[in-house]
Amino acid sequence: MNLNFSGTVNVFKLLLKPSLCLPHATVSTFNEIPSPLSNVFIGSGEKAQIKAVVLDKDDCFAYPNTNEIYPSYTDRFRQLQNEYPGRRLLIVSNTAGATTYDRDGSLAKELEVATGVPVLAHRVKKPGCGDEVMNYFRSHPEVGVTHPSQVAVVGDRLMTDMMLANMMGSWGLWIKDGVKPISQKSLFSRFEQRLGPFLMARGFRHRTLKARLSKVDFLENYVVDLQATRRWFLL
């Protein structure tokens, strides 16, 4: 059984700050990620300088519970590898590489062979593994990442991938529709399809990145969250 204690604990943070699960940008599928990737964040009101990319696996670039790149995404995946070569591209999955599930690391090794991309071995599952992600990039200084705002997290789940991005202070790109048809997705995935638009309609918005958070930005974030949270609890 693939339990996610980190996800369960961090759900309580969403009750107070639902905006933690909102992305900075959204595309339908992996193939719609623009080149360069930073262009997808132009409409966010902030300038992105992406030096490394964290990729989710299941229902992002691969069909759930498989290690192969989904065939129609292969060209875009290889292009992304060229744009972020070596250790600048990192797969972070709650299955392959999650040491509480992939105990012997065999799933991570299979995924690395299939994709040619490093897979993070992490003790804490998403969304709580931000420190482990940053420790990885710091241990490879050739990547050039000195702050989480230089990292983009790409994934299909709001309450794991996008929450990881916001808790880290990184950019979040939501793959809204992914590989699997919505009728076959899990109950949680189908819930998130409605959750994002619902929160934005209630006045919530994505978080301003910590590296660019001025006193004015902080106060504005606080007021917007306070107003939106009041409406959230008055449902």
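Colleague: Among contacts between residues at least 6 apart in sequence, what percentage join residues at least 24 apart?

Modeller: The figure is 70%, where contact means heavy atoms within 4.5 Å. This is a predicted model, in which local features need pLDDT of at least 70 and side-chain atom pairs count only at pLDDT 80 or more, while totals for chains, interfaces and linings use all residues. Residues are numbered from 1 along each chain as its sequence is written, and side-chain values use heavy atoms, with hydrogens and water left out.

Colleague: What is the average pLDDT, and where is it below 50?

Modeller: The protein averages 87, and 85% of the residues score at least 70; pLDDT is the predictor's confidence in each residue, from 0 to 100. Residues 211-219 are below 50. That stretch has 11 contacts in the model beyond near neighbours in sequence.

Colleague: How many helices and strands are there?

Modeller: There are 7 helices and 5 strands, taken as DSSP runs (helices H or I, at least four residues; strands E, at least two) and numbered from the N terminus. Their order from the N terminus is α-β-β-α-β-α-α-β-α-β-α-α.

Colleague: Why is Cys-129 called buried?

Modeller: Its relative accessibility is 0%, so Cys-129 counts as buried. The cut-offs are under 20% relative accessible area for buried and over 50% for exposed, with partly exposed in between (1.4 Å probe, protein chains only). Cys-21, at 1%, is buried as well. Of the 235 residues in the protein, 52% are buried.

Colleague: How many disulfides does a search of the whole structure find?

Modeller: The search finds 0; a pair of cysteine sulfur atoms would have to lie within 2.5 Å.

Colleague: What makes His-24 buried, and what does it touch?

Modeller: The relative accessible area of His-24 is 8%, so this residue is buried. His-24 sits in the loop between helix H1 (5-16) and E1. Not counting residues up to four places away in sequence, its contacts include Phe-41, Asn-166, Trp-171 and His-206.

Colleague: Which residues touch the most other members of the largest nonpolar core?

Modeller: They are Phe-30, Leu-37, Phe-41, Ile-50, Leu-55, Phe-61 and Val-154, in a core of 33 residues. A nonpolar core is a set of buried Ala, Val, Leu, Ile, Met, Phe, Trp, Tyr and Cys residues joined through side-chain atoms within 4.5 Å. Elements giving two or more residues include strand E1 (25-27), helix H2 (74-83) and strand E5 (171-175). The largest share, 3 residues, comes from E5. Apart from this core lies another of 17 residues, among them Ala-52, Val-92, Cys-129 and Ala-165.

Colleague: How do you know that the buried residues of H2 are on the same side?

Modeller: The buried residues are Arg-76, Phe-77, Leu-80 and Gln-81. They cover an arc of only 145° around the axis, which puts them on the same side of H2; the arc is that of the directions from the helix axis to the C-beta atoms. These residues pack against E2, E3 and H3. On the other side of H2, Asp-75 and Asn-82 are exposed.

Colleague: Why is helix H5 called largely enclosed?

Modeller: In H5 (residues 158-168), 10 of the 11 residues are buried, so the rest of the structure largely encloses this helix. Among the buried ones are Asp-161, Asn-166 and Met-168. Just after H5, Gly-169 takes a positive phi of about 90°.
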